[in-house]
Amino acid sequence: MIRTGAGAAGLTIGFSGCGAATGGGGQGVGAEEWPTDPDALEARYRDNIYTRLLGVRPHLPAHEHVSRLGGGRMDAEVIAAMAEANEFFVDMNELLEAAGARIAERLGTEAALVTAGGFSAMVLGAAGCLTGTDPERVHALPLPTWPRRECLIQTPHRFGYDRAYRDAGMTIVEAETRDDFRAALSERTAMIAALATAERQTMFAPPAPVDWAPAPGPEVMTVREQIEIGRAEGVPVLVDMASDLPTGVGLVEFVEAGADLIVISGGKGIGGPQSSGILAGRADLVEAARLNASPNDGIGRGMKVGKEEIVGLLVALDRYVARDVESWVAGWSDMARRIAAGLADVPGLTAEVVTNTAGYEDVELTWDPEVIPLTTDEARAGLMAGEPRLAYLMTVRTRLLREGEDALVIRRLRNFFTEAGSGA
């Protein structure tokens, strides 16, 4: 049998960014006019703003919220708010202050700052821990000259994007064990960085089938353990939970646990603009981060967030807080079961419903190479080359699909694997 995905082919992907208005009832822009008939949907995929303007063909998003594949979809209310915000001009410092206060109220933190995505929040959070509100230090970044500039990370909490802390000017100190971690703490430690995903699975990726990404062992420090150490030692703890909403962690889980700063992606589970994020936590650290951020001329000057994106993020957050997350996520699993059932009789193909590490269901595809003579890479390439294009990464994931698109996914996969099996 050929098994697809990261567990079989060593797939390496940059994971960030998504929207929430999908997979089980979400309504995106123009959703009242969005067809559910597969023929009408396929016509949309052939004729749309991308094909007309640039000749770029969009794909069916049978995948996680991946930035390089377009992120996610926003609700119609979010899009409408951004369009209205476009018509007016405001002082950006006033807007950022008011928006931060609104977000902090929603999250139960002292303060918050809208950032240009999760990575931007990581850079600015680290910068704030380095500089405080000292203007000379703000302008010195990313080349701090003072000794307190180290970022301590336990090895299992390391991941590709933690270069954000280095981008701010920190020196990363890596500790393998608990004893190493405690020994590495010193007067040079400016921040402890923890990754929420590390509590869920041993590989840094979106949720994956549980047999691909085993749960971490007891040697992996929990986020709460690091928060307690940071509090005892007087070192701020930043928790990156950008990839974990809505199922990996609760929105305020680490706030309530005492994290000094949290990082949230605006364009993933929240369902806001792809290029938005949130840094929230202690008022003094958020203020220090703000001094490093646009529209000021610190290290974050290029990390601009437009007034429209700020408003869109606020509306998306309000919708997220009011959402019935349990039924929303259940809709993703329901759609996965429909897709698996629709592929059940394709010769040589097995479509199995599997639970992932975040607790909802995907469809894992395997096939008999004697019947379907394709490698995993050939199948991925073929699905992206056909019409309509379909992006398949680890599994068939439904959280970005609109109602009705599951039928088109079924048809595309049936046709592709049937033709591959017949040698057509």
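A salt bridge is taken here as a side-chain nitrogen of Lys or Arg within 4 Å of a carboxyl oxygen of Asp or Glu. By that criterion Arg 414 forms a salt bridge with Asp 345, their closest N and O atoms lying 2.4 Å apart.

The model is predicted, with local features requiring pLDDT of at least 70 and side-chain atom pairs counted only at pLDDT 80 or more, while totals for chains, interfaces and linings use all residues. Residues are numbered from 1 along each chain as its sequence is written, and side-chain values use heavy atoms, with hydrogens and water left out.

**Salt bridges**

| Pair | N to O | Relative accessible area |
|---|---|---|
| Arg 414 and Asp 345 | 2.4 Å | Arg 414 27%, partly exposed; Asp 345 53%, exposed |
| Asp 362 and Arg 397 | 2.5 Å | Asp 362 0%, buried; Arg 397 2%, buried |
| Arg 188 and Glu 187 | 3.8 Å | Arg 188 37%, partly exposed; Glu 187 56%, exposed |

Helices (H or I, at least four residues) and strands (E, at least two) are DSSP runs numbered from the N terminus. Asp 362 belongs to strand 11 (residues 361-367), and Arg 397 to the loop between strand 12 (389-390) and helix 16, so that this pair links parts of the chain 35 residues apart.

**Nonpolar cores**

A nonpolar core is a set of buried Ala, Val, Leu, Ile, Met, Phe, Trp, Tyr and Cys residues joined through side-chain atoms within 4.5 Å. The largest such core has 86 residues, of which Tyr 165 and Ile 262 touch the most other members, and its largest share, 8 residues, comes from helix 6 (residues 118-131). A second, separate core of 30 residues includes Tyr 45, Val 346, Leu 349 and Ala 420. With contact meaning heavy atoms within 4.5 Å, Ile 262 touches residues including Leu 107, Phe 254, Ile 278 and Leu 279, leaving aside residues up to four places away in sequence.

**Thr 115**

Thr 115 lies in strand 3 (residues 111-115) and is buried, with a relative accessible area of 1%. Its side chain reaches the backbone oxygen of Gly 117 at 2.9 Å. Not counting residues up to four places away in sequence, Thr 115 touches, among others, Ser 120, Leu 124, Ile 278, Leu 279 and Val 305.

Note on methods:
Buried < 20%, exposed > 50% of the residue type's maximum accessible area, 1.4 Å probe, protein only. Polar contact = N/O pair within 3.5 Å; in protein donor to acceptor, adjacent residues only side chain to side chain.
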